Amino acid sequence: MPYGALTAAATLLITSCGNPTDEDSASPDSEEAASNISVVASTDVYADLASQVAGDTADVQAIVDNPAIDPHSYEATPQDRLRIEEADMLIANGGGYDPFLTSLAESAERDHVLLQALSELNEETDHEDHSDANAPVTESEPDGDEHPEDDDHEEDSNDETEDAHAGHGHEDGDENEHAWYDLALMSDFVNYLGEHLGEFSPENAELYTENAERLSQEINTLDERNRNLDATGTTFMATEPVSAYLLTDAGFEDETDQDFLAAIEHGDDVSPRLLQEALTTVEDLDLLVYNEQTETNQSLQIRRAAEDAGVPILEFSETLPEDANGYVDWMERNVEQLESLIHR
């Protein structure tokens with residue numbers, strides 16, 4: 001399994017929730033509680049994935065579920081903290097994208113139930129044996145001796161996913177945090193999520209596995225469809241790198257200035273020089289990728305320059321659009337946008 005080494009963390013998690021007596025574990029009330037897991041996710045993207053895997057056996061809530069809100073700048077409320085304190089499981093994107101959840105989880109001493117889709121790079125860890133720095137992780141340190149039989153399997157899974165993630169830069173300080181646009185990673189993540197939920201509710205483990213495998217296959221099929229676009233030679237600029245994984249996997253060539261993106265990602269205005277270069281460059285490209293949720297006066301200037309030059313503009317969002325029927329439907333629409341552009 002892709003994240004076999006992390007199963008121990010899930011085991012520790014359940015142990016930390018208490019060790020019920022034989023009488024308690026056999027009671028109907030105990031079984032009912034195990035079948036109604038409380039899950040809080042940072043955004044509706046991860047809430048949707050969790051809901052599809054858990055079905056009716058979990059109460060899943062998203063902190064950010066409004067497409068008008070930019071998750072980068074969201075500030076948690078006292079109600080959010082209460083939900084986090086009471087949740088059985090927390091799901092974050094990680095990578096510094098949703099600190100409103102990760103910080104609250106730590107301050108509320110709930111970081112041991114936190115799952116992150118995008119791993120934090122640990123300077124003290126040797127990553128030479130990890131071909132996929134994106135692997136989902138929990139905040140707790142797994143006990144490496146608890147499941148030694150998983151070691152060989154984990155190594156095989158790294159080999160299988162290496163090609164899927166080839167070309168994705170995950171160097172420290174050069175990491176695109178928008179992990180949910182990495183379809184290969186999300187396919188792996190939902191399978192891990194299914195395993196992890198099964199540790200909470202063993203009686204539903206088979207259901208979680210089946211749901212996760214189905215969802216994973218749907219995402220894999222869409223990933224293959226996207227990679228078969230063959231957009232090699234088609235250039236784009238992004239006002240914010242939200243969909244970069246999706247586009248580069250399809251073969252698009254990113255001509256966005258990295259200094260420009262770094263400023264945007266840190267919430268800063270770009271320098272007049274970088275802005276002028278962007279306004280000039282966009283006129284000669286094949287596509288402008290735009291994110292309305294992070295719109296600024298500068299990004300709007302670039303959009304207008306693209307419109308004036310007749311450059312196609314495609315919009316990609318941080319969270320689920322209001323009319324999207326879940327994550328897969330949303331990503332399918334995004335792929336269809338790219339297909340329409342390539343085949344026009």
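Below are a few quick questions and answers about strands, a helix and one glutamate.

This is a predicted model, where local features need pLDDT of at least 70, side-chain atom pairs count only at pLDDT 80 or more, and totals for chains, interfaces and linings use all residues. Residues are numbered from 1 along each chain as its sequence is written, and side-chain values use heavy atoms, with hydrogens and water left out.

Reader: Which residues of strand β10 are buried on its two faces?
Author: In a regular strand, side chains alternate between the two faces of the sheet. Strands here are DSSP E runs of at least two residues, helices H or I runs of at least four, both numbered from the N terminus. Buried means under 20% relative accessible area, exposed over 50%, partly exposed in between (1.4 Å probe, protein chains only). In β10 (residues 287-290), one side has L287 and V289, and the other has L288 and Y290.

Reader: What is the bridge partner of Y290 in β11?
Author: Strands pair if DSSP finds at least two bridges between them. β10 and β11 (residues 313-315) run parallel, with 3 bridges. Y290's partner there is E315.

Reader: Is E265 buried or partly exposed?
Author: E265 sits in helix α11 (residues 258-265). Its relative accessible area is 25%, so E265 is partly exposed.
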